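Hello,

Here is the structure I said I would hand over.

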Amino acid sequence: MALADALFTVRGGPLGPASAMKSKKIAQTIAVSAAVLTFAGTSADAYSQKVKNACSADYSSLCGKYRQGSSELRRCFESNRRVLSRDCIEALVNAGDVPARYLRQR
């Protein structure tokens with residue numbers, strides 16, 4: 001039974017037209033919300049991969065002892081921002097992890 005069909009039926013009988021319309025809107029809202037969350041997750045994953053690709057050499061040479069995603073790694077990158085590669089900084093800026101002024105400070 002589809003989600004919309006399940007929402008239209010209560011105790012074995014169909015709902016009235018007004019309740020059915022309200023339930024249909026709820027089902028549509030749930031579907032749209034799920035799609036938005038899926039897209040947002042995909043977008044974030046794409047940015048994460050771009051940052052990993054662009055910053056892998058910087059991570060290895062400067063901050064390799066810190067776990068990826070940790071606050072210690074963030075502090076390490078922050079303290080070494082003047083020597084990070086331009087590609088890494090651009091990826092971090094595009095991902096929203098650091099402000100665009102980091103590009104101008106180079």
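Predicted model: local features only at pLDDT ≥ 70, side-chain atom pairs only at ≥ 80, totals over all residues.

Residues are numbered from 1 along each chain as its sequence is written, and side-chain values use heavy atoms, with hydrogens and water left out.

Disulfides

A disulfide is a covalent bond between the sulfur atoms of two cysteines. Here it is taken as a pair of cysteine sulfur atoms within 2.5 Å, and by this rule there are two disulfides.

Helices are DSSP runs of H or I with at least four residues, numbered from the N terminus. The torsion about the S-S bond of cysteine 55 and cysteine 88 is about 100°, so the disulfide is right-handed. Cysteine 55 has a relative accessible area of 3% and is therefore buried (under 20% relative accessible area, with a 1.4 Å probe and protein chains only). Cysteine 88, at 0%, counts as buried too.

The other disulfide joins cysteine 63 to cysteine 76, with S to S 1.9 Å. Its torsion about the S-S bond is -85°, and the link is left-handed. Cysteine 63 lies in helix 2 and cysteine 76 in helix 3 (residues 71-79), so the pair ties together parts that are 13 residues apart in sequence. Both cysteine 63 and cysteine 76 are buried.

With the bonded cysteines numbered in sequence order, the pairing is 1-4, 2-3.

Largest pocket

A pocket is an open set of points on a 1 Å grid over the protein atoms alone, where a 1.4 Å probe fits, with protein on both sides within 12 Å along at least five of seven lines. The largest pocket holds about 600 Å³ of space, a volume being the space filled by probe spheres set on the points.

Its lining is made up of 22 residues, each with an atom within 4 Å of a point. Val51, Gly69, Leu73, Leu92 and Asp97 lie nearest the centre of the pocket. Helix 2 gives the most to the lining, with seven residues.

Regards

Notes: Buried < 20%, exposed > 50% of the residue type's maximum accessible area, 1.4 Å probe, protein only. Helix = DSSP H or I, 4+ residues; strand = E, 2+ residues; numbered from the N terminus.
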